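Here's a quick briefing to read alongside the model.

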Amino acid sequence: MSTDLIVDRRSEGDLQVIEIRGVLDANNVEQLAHVGFEAIGEASRMEMRLGSLTDIDLTGALGIVALAREARDRDIGFRVEGHPQELKDLLEEQDLWQEISSEDNSE
């Protein structure tokens, strides 16, 4: 896979928004981790917007799961918006879909 990934982070009050565009894979998941863990440190709620994610591998999917778990461990609301079917399929194969689908869905 390619390493073309754009991770944008912005604050909307107490909500940290991370938007991912492009390819999320083993070659660039550390970029997401860096931005994501920094956002968790400043958030009371976090939202990952994945509508522009064009491709993802299992390592990239596990990176999203790691952020969801860290947010949950810190009592931070976490939700995923606009996930691609590929992400759901990868995580269901690993019995991990519930890690990101059953989190805080409040606004």
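Helices (H or I, at least four residues) and strands (E, at least two) are DSSP runs, numbered from the N terminus. This is a predicted model, so local features need pLDDT of at least 70 and side-chain atom pairs count only at pLDDT 80 or more, while totals for chains, interfaces and linings use all residues. Residues are numbered from 1 along each chain as its sequence is written, and side-chain values use heavy atoms, with hydrogens and water left out.

- "Buried" here means under 20% relative accessible area and "exposed" means over 50%, with partly exposed in between (1.4 Å probe, protein chains only).
- Take Ile64: leaving aside neighbours within four places in sequence, it is in contact (heavy atoms within 4.5 Å) with Leu24, Leu32, Met48, Leu50, Ile56, Phe78, Val80, Leu87 and Ile100.

**Helix 2 against helix 3**

- These two helices pack at an angle of about 85°, with their axes 10 Å apart; axes are lines fitted to C-alpha atoms, for helices over the stretch in contact, and angles run from 0 to 180 degrees between N-to-C directions.
- That makes helix 2 roughly perpendicular to helix 3, a label for 65 to 115 degrees, where under 35 is roughly parallel, over 145 roughly antiparallel and the rest oblique.
- On the helix 2 side the contact uses Leu58, Ala61, Ile64 and Val65, and on the helix 3 side Leu87, Leu90 and Leu91.

**A buried glutamate**

- Glu47 sits in strand 3 and counts as buried because its relative accessibility is 2%.
- Its side chain makes a polar contact of 2.8 Å with the side chain of Arg79; that term covers a pair of N or O atoms within 3.5 Å, where within protein one must be able to donate a hydrogen and the other to accept it, and residues adjacent in sequence count only if both atoms are side-chain atoms.
- Glu47 and Asn28 are 19 residues apart along the chain, and their C-alpha atoms are separated by 20 Å.

**Loops and backbone**

- Asn27 is in the loop between strand 2 and helix 1, and at 54% relative accessibility it's exposed.
- Most residues other than glycine have a negative phi.
- Asp75, in the loop between helix 2 and strand 4, has a positive phi of about 60° although it is not a glycine, and it's exposed at 72%.
- Asp95, in the loop between helix 3 and helix 4, has a positive phi near 55° and is exposed at 58%.
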